[in-house]
Amino acid sequence: MTKAVLWTAKDAATATGGKTTGNWTVSGIAIDSRKIAKGDLFIALKGPNFDGHKFAQAALDAGANAVMVDDATGIADTDKILLVDDTMAALVRLGQAGRARSNAKIVAITGSVGKTGTKDALKYVLSQQAKTHASPASFNNHWGVPISLATLPVDAKYGVLEIGMNHPGEISPLVKMVKPSVALITTVVGAHTEFFKDEAEIAMAKAEIFDGLDTDGTVILNRDNLHYFALARRAKELGLSNIKCFGTDAVANYRLFEANIVPNGSAVRSRINGLELEYFIGCPGEHWVLNSLAVLGCVDAIGADTEQASKDLADVTPPAGRGETSTVTLPSGDGTFTLIDDAYNANPTSMMAGIKVLAQSKPAEGGRKIAILGDMRELGDDAIKMHADLHHPLTAMEIDRVYCVGPLMAELYKTLPKAMNGGHFETADDAIAPIKTEIQAGDVILVKGSLGIYVSKIVSALKSGGVVDAPTHPES
């Protein structure tokens with residue numbers, strides 16, 4: 001199927017202030033020459049340790065229709081060059097132009113945890129009702145947000161963009177580019193605490209998402225979060241009066257009455273802005289239940305059909321690295337085990353959520369509940385204590401076996417009861433062989449840790465025996 005034209009040479013040059021002699025069109029945007037799709041515009045960004053200009057010709061050879069550069073040296077296809085003053089600044093201008101030409105209603109999402117899963121779920125349910133565009137993967141930073149806007153189809157009715165940060169002042173310029181109709185903060189907890197004085201400071205950094213809203217825009221907040229009142233007060237200070245909330249509190253606009261969490265999902269009874277709804281979301285865990293309320297709140301606020309969206313949540317399953325569950329063949333080939341892949345990231349709150357999902361799982365006969373836990377990064381001075389304290393929920397929830405990966409997880413290793421302690425490993429690579437030899441048929445295994453500790457390598461190694469029952473993720 002032929003992809004729709006995203007930018008013509010003339011429109012891209014006008015948007016960026018650049019110059020081109022070609023008459024090309026592009027259907028996508030890429031910043032990694034190894035991931036070029038036919039018809040892309042390759043943008044040669046620069047960083048402290050890389051320069052995309054070195055790969056511009058390779059991108060063209062791989063099928064890109066054009067390259068955006070600020071130095072054309074070494075590029076043979078001169079008619080496929082969009083020459084700009086600075087590629088990062090030009091990317092921002094291209095994103096701004098993409099937003100300016102669109103009439104889409106956009107939801108902007110931030111929060112300490114749950115951003116990407118909520119974004120993906122919201123994208124799916126909205127896409128069942130109208131053309132919907134969303135940030136790919138975790139394109140939520142200073143280059144990801146403009147790329148998401150630059151790839152926004154002109155005819156999209158809805159957009160869902162994730163906005164992240166780990167320092168104050170990062171969200172405000174991004175959300176001003178996005179110009180959303182709805183701003184959602186999933187929750188505020190102790191993530192990236194290395195860069196903030198306290199959680200209250202994190203909350204105010206998240207509140208920067210209000211900066212892109214017009215006064216008639218909608219703010220959606222977690223009513224159960226202890227920073228709710230501070231966030232609502234900040235929204236009101238900015239002249240925003242349409243403030244909605246989700247959670248278990250009796251005053252919540254999007255309220256949870258009851259949830260029954262089972263291994264393959266969660267059955268929910270709720271009230272969504274006065275409409276009582278019962279639905280099933282194909283993701284197990286309390287955190288997914290609460291975020292499903294946020295999803296339906298965004299659907300309601302943007303003017304789409306909440307009842308239809310609640311039905312479509314049944315098709316939503318956790319993405320890889322964020323709770324994806326698979327049935328995997330044992331390395332010996334004799335039997336299977338269940339693997340919960342939550343290896344993308346971790347902080348104390350998301351770690352607790354993952355442990356709860358493991359605790360609620362049901363191993364097969366003879367199986368055990370096993371946690372493979374990697375370091376939680378960017379926790380500042382409290383990191384040692386936060387890792388050591390994990391033994392409390394692990395023992396209280398009767399996890400059978402725990403493997404600790406990374407220097408910080410050595411603190412948990414020291415506190416675990418001997419019967420639970422599977423050992424400590426400095427790196428994920430060190431852990432693979434011992435873990436593979438100890439897995440038994442019927443086990444349920446959770447793998448979780450911060451991205452930089454690479455426990456995803458353990459997931460890949462465990463899957464190498466073969467995935468028997470892989471989850472299917474809905475495509476919009």
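Eleven of the 13 residues of helix α4 are buried, so this helix is largely enclosed by the rest of the structure, where buried means under 20% relative accessible area, exposed means over 50%, and partly exposed lies in between, all with a 1.4 Å probe and protein chains only. The model is predicted, and therefore local features need pLDDT of at least 70 and side-chain atom pairs count only at pLDDT 80 or more, while totals for chains, interfaces and linings use all residues. Residues are numbered from 1 along each chain as its sequence is written, and side-chain values use heavy atoms, with hydrogens and water left out.

**Helix α4 and its surroundings**

Helix α4 covers residues 115-127 and reaches 18 Å from its first C-alpha to its last, close to the 18 Å expected at 1.5 Å a residue; the expected span is 1.5 Å times one less than the number of residues. Helices (H or I, at least four residues) and strands (E, at least two) are DSSP runs, numbered from the N terminus. Among the buried residues of α4 are K115, G117, L122, Y124 and V125. The elements that cover the buried residues of α4 include the strands β9 (105-110), β10 (132-134), β11 (158-162) and β12 (182-185), together with the helices α9 (286-302) and α10 (306-312).

**The nonpolar cores**

In soluble globular proteins, nonpolar side chains tend to be buried together. A nonpolar core is a set of buried Ala, Val, Leu, Ile, Met, Phe, Trp, Tyr and Cys residues joined through side-chain atoms within 4.5 Å. The largest such core here has 36 residues, and those with the most contacts inside it are L122, V125, L126 and L313. At least two residues of this core come from each of β9, α4, β11, β12, β15 (254-262), β16, β17 and α9, and α9 gives the most, with nine residues. If neighbours within four places in sequence are left aside, L313 is in contact with V125, Y279, F280, I281, G282, S292, V295 and L296, where contact means heavy atoms within 4.5 Å. Apart from this core lies another, of 35 residues, among them A183, I202, V219 and Y228.

**The sheets**

Strands of a sheet pair through backbone hydrogen bonds, either parallel or antiparallel; two strands are taken to pair if DSSP finds at least two bridges between them.

An open sheet of four strands has the order β3-β4-β7-β8 and parallel pairing. Because β3 (28-30) and β8 (81-83) stand at its edges, each with a single partner strand, one side of each is left without a neighbour in the sheet. Neighbouring strands of this sheet are turned by 25° against each other on average, direction ignored. Helix α3 (residues 87-100) packs on this sheet, touching β3, β4 and β7, and its direction makes about 120° with that of β7; axes are lines fitted to C-alpha atoms, for helices over the stretch in contact, and angles run from 0 to 180 degrees between N-to-C directions.

Strand β19 (residues 336-342) has five of its seven residues buried, so it is largely enclosed by the rest of the structure. Strands β18 and β19 form a hairpin with six residues between them, and G333 in the turn has a positive phi of about 85°. Within β19, L339 is the bridge partner of S326, and in β23 the bridge partner of L339 is I445. The table lists several strand pairs.

| Strand pair | Bridges | Direction |
|---|---|---|
| β18 (324-329) and β19 | six bridges | antiparallel |
| β19 and β23 (444-448) | five bridges | parallel |
| β16 (265-272) and β17 | seven bridges | antiparallel |
| β4 (40-43) and β7 (66-69) | three bridges | parallel |

**Individual residues**

S148 is placed in helix α5 (residues 144-150), and S148 is buried, with a relative accessible area of 0%. Its side chain reaches the backbone oxygen of G144 at 2.9 Å. Not counting residues up to four places away in sequence, S148 touches H133, S135, P136, F139 and L161.

K179 has a positive phi of about 50° although it is not a glycine; K179 sits in the loop between α6 (171-178) and β12 and is exposed, with a relative accessible area of 51%. E378, also not a glycine, has a positive phi of about 60°; E378 lies in the loop between β20 (369-374) and α12 (383-388) and is partly exposed, at 26% relative accessible area.

Notes: Polar contact = N/O pair within 3.5 Å; in protein donor to acceptor, adjacent residues only side chain to side chain.
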